[in-house]
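Here is a friendly walk through one protein model. Keep the sequence and the 3D view open beside you as you read.

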Amino acid sequence: MFDGIASRYDFLNHFLSCYQDVLWRRYCCKCLKKMMAVDGANAVSENAPGSVRIARNAMDDAECAAGTARTVRLLDLCGGTGDFANTFRKIFEGSSSKGAACGFSVEPAVIGDFSYGMLAEVKPKKIDAYAVQLDAMKMPFAERRFDVILNGFGMRNVPDARGALMESYRVLDAGGYLCVLEFFSPRNLFNKFFYKVLAPLFIPVMGAFFSGKRDAYEYLVNSIIRFLPVDEFCKMAEECGFEVKKVKMFDGGISFGVFLHKPGNA
C-alpha cells in the first residue's frame, strides 16, 4: 500500500495538513535540540556501564570543551522518504540552542522503513543518510547504536506498538531520546468530530484524486481511529522503560509530539 503512494506521499502530507506537518517536524527537532543541550544527554553517567560508552562520552566532552561539534547518531524509524531526518539535520547543524555548551554534528542518518518504495524516494533528495528496509519490531542493529530515534506518523502502522517501543529502547543509547510525532486516537469533541466526520469525507477523496489510491487514505483515517489515545501510549512507553519528558499537542490535538527519554543509567 505504501509503495503505491510513495511518489505522491510528501506532496499529499503537505497538502492535506496545509503544510502544518512541516511545522510539526521543525518544532519536534528544535525541542529535541534544546533538551539535549540542557539535559546533557551525551554526558557520562556515574552508573553508565561499559568502557566504550565512557570513552565515547569522554571524547564528546573534550570536543565540547574545544568548541567543536558533538556528534549525534540518528535513526529515522518508519522514516519513509526521509523528511524528518532531513529536518533534524538542518535544525541540529544550525546555530546552537540557547544554553548549549557546543553545537551538534549529525552523522549520516539511518532511515529505516518497511516500504522499499518509500525508501526509493530518499535518494533523489540527496539526504546524507543510508536507507535501510527493516522491521521496526526486529531491527538489524546492535544495542545502544543511536542517540536519537525519530518516528513520524509510523507508530500506528506497526502491528505491535509495544514491540516497536521495546526495540527502540534496545537500540537507543543510555540518555538518548525517542520522539514520536503521531496522529493518536481522538478523545476530545473536536478530535472526534474531525476524525470521525470531516476526515472520512475529504481525506480519501483528495488522496484518490492526487494518487489514485483511495484505499490507502481510507486506511489512514481508520488507522488513527483504531490507534491508542496519547495518554495510553505514554503509559505503554513508561512500561517499556522510557521517561516521558514532554507531550506537545498540535492544532487542537490533530497530532501530538511525544518526547521519550531513556534513563542515563539504563
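## The chain as a whole

The protein chain holds 10 helices and 9 strands; helices (H or I, at least four residues) and strands (E, at least two) are DSSP runs, numbered from the N terminus. This is a predicted model, in which local features need pLDDT of at least 70 and side-chain atom pairs count only at pLDDT 80 or more, while totals for chains, interfaces and linings use all residues. Residues are numbered from 1 along each chain as its sequence is written, and side-chain values use heavy atoms, with hydrogens and water left out.

Of the 266 residues in the protein chain, 52% are buried. Buried means under 20% relative accessible area, exposed over 50%, and partly exposed in between (1.4 Å probe, protein chains only). Among contacts between residues at least 6 apart in sequence, 71% join residues at least 24 apart, where contact means heavy atoms within 4.5 Å.

## The sheet

Two strands pair if DSSP finds at least two bridges between them. Axes here are lines fitted to C-alpha atoms, for helices over the stretch in contact, and angles run from 0 to 180 degrees between N-to-C directions.

## Strand β4, covered on both faces

Why is strand β4 largely enclosed by the rest of the structure? It is because 5 of the 5 residues of β4 (residues 109-113) are buried. Ala109, Ile111 and Asp113 are buried on one side, and Val110 and Gly112 are buried on the other.

Strand β2 (residues 74-77) runs parallel to β4 and is joined to it by 3 bridges, with Leu75 standing opposite Val110. Strand β5 (residues 129-133) also runs parallel to β4, through 5 bridges, and here Gly112 stands opposite Val132.

Ala85 sits in helix α5 (residues 83-92) and is buried, with a relative accessible area of 3%. Which residues does Ala85 contact, leaving aside its neighbours within four places in sequence? They are Leu74, Asp76, Ala109, Ile111 and Leu150. Ala85 and Leu74 are 11 residues apart along the chain, and their C-alpha atoms are separated by 7.8 Å.

A nonpolar core is a set of buried Ala, Val, Leu, Ile, Met, Phe, Trp, Tyr and Cys residues joined through side-chain atoms within 4.5 Å. The largest one has 45 residues, and those with the most contacts inside it are Leu32, Leu74, Phe88, Phe92, Val148 and Leu150. Helix α3 (residues 20-39) gives the largest share of this core, 7 residues. Not counting residues up to four places away in sequence, Leu32 touches Phe88, Phe92, Val148, Leu150, Tyr177, Cys179 and Phe259. Apart from this core lies another, of 32 residues, including Phe146, Val180, Val230 and Leu260.

## Two helix pairs

Helix α7 (residues 161-171) is mostly covered, with 8 of its 11 residues buried. These buried residues pack against β2, β6, β7, α10 and β9. Helix α10 (residues 230-239) packs against α7 at an angle of about 45°, with the axes 9 Å apart. That makes α7 oblique to α10: angles under 35 degrees count as roughly parallel, over 145 as roughly antiparallel, 65 to 115 as roughly perpendicular and the rest as oblique. Ala161, Arg162 and Leu165 of α7 meet Phe233, Met236, Ala237 and Glu239 of α10.

The other pair is helix α8 (residues 189-211) and helix α9 (residues 214-226), which pack at an angle of about 155° with their axes 7 Å apart. These two are therefore roughly antiparallel to each other. Among the residues making the contact are Tyr195 and Ile203 of α8 and Tyr217 and Leu220 of α9.
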